[in-house]
Amino acid sequence: MNKSEFSSHLKMNNVKINDAFWSGIIETVRKSVIPYQYLALQDKIEGAEKSYCIENFKKAAAVCEKIKSGGRPEVYPVDKWHYDESNADKNAFHGWVFQDSDVYKWIEAVGYTLMHHPDSELENKAKGFIKLICSAQLENGYLDTLYIINDRSKIFTNLKDHHELYCFGHLALGAVSFYRATGDRKLFDAACRFADLICDIFGKDKTEGYPGHEIAETALIRLYEETGLEKYLETAKCFIDRRGEKPYYFDKERGVTTSGEDYRYNQAHIPVREQKEAVGHAVRGVYLYSAMADAAKIYCDDELFSACKSIWKNIAERKIYITGGIGATVHGEAFSFDYDLPNDLAYAETCASIGLVSFAREMSKIEINSDYADVAERALYNTILSAMAPDGKSFFYVNPLEVLPVASKSDARKAHIKPVRQKWFGCACCPPNLARLFSSLEEYIFTENDNTLFINQYIGAQVNCDKADITITSDYTNSGKISVFVDMKTPFKLALRIPGWCDHFKLSESYEIRNGYAFITICKSTEIDIQFEMKTKLIKCSNRVRANIGKAAVMRGPFVYCVEEADNGKNLHLLRLDKEPDFRFDNGMIFAKGIREREDDRLYAEYTAPEYEKCVIKFIPYYKWGNRGENEMSVYIRM
């Protein structure tokens with residue numbers, strides 16, 4: 001590892017976004033998404049699936065009060081992943097075992113929002129939730145409503161499945177965000193008390209457990225950065241190092257010598273330093289890989305970083321959709337085998353792409369390589385952006401590349417594919433995850449080391465740092481033009497990412513290309529003009545991706561495009577691009593010459609050449625699909 005290349009992202013309060021494309025989305029999150037989710041967490045959205053989240057904290061607070069007064073709370077089963085009115089007592093926990101995390105992610109998003117937009121009303125709403133959450137914490141610091149409500153004697157007895165450490169992770173991340181924004185320590189102190197308990201039980205030379213669903217590792221590192229307490233960092237490292245060691249802890253906690261499971265689903269099948277392939281539940285995977293990269297940098301661990309690079313290469317070259325989606329199969333919400341990327345069965349969970357962006361960011365802090373920001377960009381502008389409706393009040397959990405509404409309703413294999421965004425989900429991890437990412441985009445634009453400031457994403461922004469005050473004026477998503485004004489404080493290197501989709505570009509200053517970045521020596525205040533050539537491209541898959549033989553996808557700049565029934569009629573699979581499509585870009589849409597194969601209702605007939613009729617095919621950005629009611633959609637088109 002080359003320590004001289006190590007970098008860090010700039011703190012949010014040093015960056016302010018002012019972007020023609022992204023500012024409106026961020027405002028939608030602030031003014032619509034966060035207030036909407038505030039109601040959803042309290043089950044106040046008519047027609048939406050119940051969250052039970054705040055209801056559970058109220059029940060847990062009542063249990064804590066009963067314990068303090070010497071009472072003996074009721075005991076209920078803790079033997080399921082999901083509880084509702086049909087299978088649980090009305091006074092017991094309801095929802096998924098990880099339900100607490102939804103409100104923690106909401107608080108994290110609120111914290112990021114408040115950093116740039118002080119709002120006393122919103123802050124007080126969050127403090128109301130925080131007061132309730134803290135009243136549901138046991139005296140020893142433990143905080144998880146499933147076990148507090150249902151059975152205190154079973155705490156930490158099922159790390160494999162029951163998400164206590166996952167919920168802690170989001171608690172800590174939310175607490176750090178809110179503390180940084182407001183200075184209010186109430187939730188932060190509660191998170192530290194829970195972290196202290198976790199360190200006492202699972203820290204160095206303690207119980208050998210580790211999370212079934214990762215993110216506690218990252219959270220403990222963030223608490224270490226905030227407090228300087230080494231025990232948080234050590235426990236994060238313990239969680240990483242123990243994973244996959246034999247005999248498996250997940251066997252031990254269930255009292256079996258060997259279960260026969262290899263624990264690929266949990267990324268715990270082999271020690272992490274031996275892992276070379278992305279496997280198992282995709283969200284869990286990228287959360288783990290992010291923490292591995294974070295720890296590799298802190299400890300200068302070459303072996304750990306080597307594993308991260310191998311896993312990254314496996315994802316980026318064999319297991320990612322063109323839209324930046326990952327996790328191809330609904331079974332286990334998981335990575336599939338290499339090159340298995342079906343369009344109409346894709347799972348591609350929103351949270352997985354959000355985790356991928358985090359993994360990319362942590363890798364970019366260790367090694368100068370534009371591939372990391374390229375992948376993050378692809379996920380951000382396509383799968384992630386698609387997952388939220390323009391008004392911020394409905395969402396995609398799953399992000400397919402081909403949709404036939406009748407199949408979603410009639411074919412059990414495709415029941416997970418929703419042709420329209422949903423108001424909310426009983427398993428609602430994705431909507432608040434979107435809110436926390438969009439509210440913290442500032443952390444993904446820049447990184448810096450001692451000598452260099454890197455611009456990784458071309459989002460219009462102002463930044464204040466020791467090297468310079470910089471203003472980025474961006475028309476990146478439309479014309480590919482960017483202006484970077486540098487008010488220098490001290491000489492430094494400015495590194496501009498050259499997007500992987502761009503074949504030709506112009507820079508107004510002399511530069512040197514290294515690892516996908518244009519390095520410019522800044523010796524005085526200056527304005528740099530950048531022009532990335534924006535042209536429509538046809539992108540093919542490897543011929544090992546069986547679903548896309550004879551097909552291609554359309555891209556322009558960072559955007560993947562798709563066709564919808566609303567523009568092109570039914571049976572999109574009958575469309576074919578003309579040999580000379582003559583692409584025309586107009587107001588964000590792309591038009592091309594095409595042909596449509598005539599329909600043939602005969603199930604079987606002797607082969608004859610198909611008949612075609614000419615047509616104009618209209619493409620829209622993938623992130624805009626699903627906004628005109630239920631209709632067919634396809635990213636790939638026949639050639």
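**Cysteines**

I began with the cysteines of this predicted model, and with sulfur pairs required to lie within 2.5 Å, my count of disulfides came to zero. I then asked how far the sulfur of Cys 238 is from the closest cysteine sulfur. That partner is Cys 199, and since the separation is 8.9 Å, the two sulfurs are too far apart for a bond.

I repeated the check at Cys 541, where the closest cysteine sulfur belongs to Cys 562 and lies 15 Å away, so a bond is ruled out by distance. Cys 541 is buried as well, with a relative accessible area of 18%.

**Salt bridges**

I turned next to charged side chains and found that the structure holds 55 salt bridges.

My entry for Arg 273 and Asp 241 records a salt bridge between their side chains, at 2.9 Å from N to O. Because Arg 273 sits in the loop between α10 (249-252) and α11 (282-299) while Asp 241 belongs to helix α9 (residues 230-242), the pair ties together parts that are 32 residues apart in sequence. I also compared their accessibility classes: Arg 273 is buried at a relative accessible area of 17%, whereas Asp 241 is partly exposed at 23%.

For Glu 630 and Lys 409 I recorded a salt bridge of 2.7 Å, again from N to O. This pair links distant parts of the chain, with Glu 630 in the loop between β22 (612-621) and β23 (633-634) and Lys 409 in helix α15 (residues 405-410), 221 residues apart. Glu 630 counts as partly exposed, at 40% relative accessibility, and Lys 409 counts as exposed, at 60%.

The next pair I examined was Asp 503 with Lys 537, whose side chains meet in a salt bridge at 3.0 Å, N to O. Here too distant parts of the chain are linked, since Asp 503 lies in the loop between β11 (492-497) and β12 (505-507) and Lys 537 in strand β16 (residues 536-539), 34 residues apart. I found Asp 503 to be partly exposed, with a relative accessible area of 42%, and Lys 537 to be buried, with one of 18%.

**A network**

Lastly, I asked which residues are linked in a network of salt bridges.

How values were computed: Residues are numbered from 1 along each chain as its sequence is written. This is a predicted model: local features need pLDDT of at least 70, side-chain atom pairs count only at pLDDT 80 or more; totals for chains, interfaces and linings use all residues. Side-chain values use heavy atoms; hydrogens and water are left out. Buried means under 20% relative accessible area, exposed over 50%, partly exposed in between (1.4 Å probe, protein chains only). A salt bridge is a side-chain nitrogen of Lys or Arg within 4 Å of a carboxyl oxygen of Asp or Glu. Helices (H or I, at least four residues) and strands (E, at least two) are DSSP runs, numbered from the N terminus.
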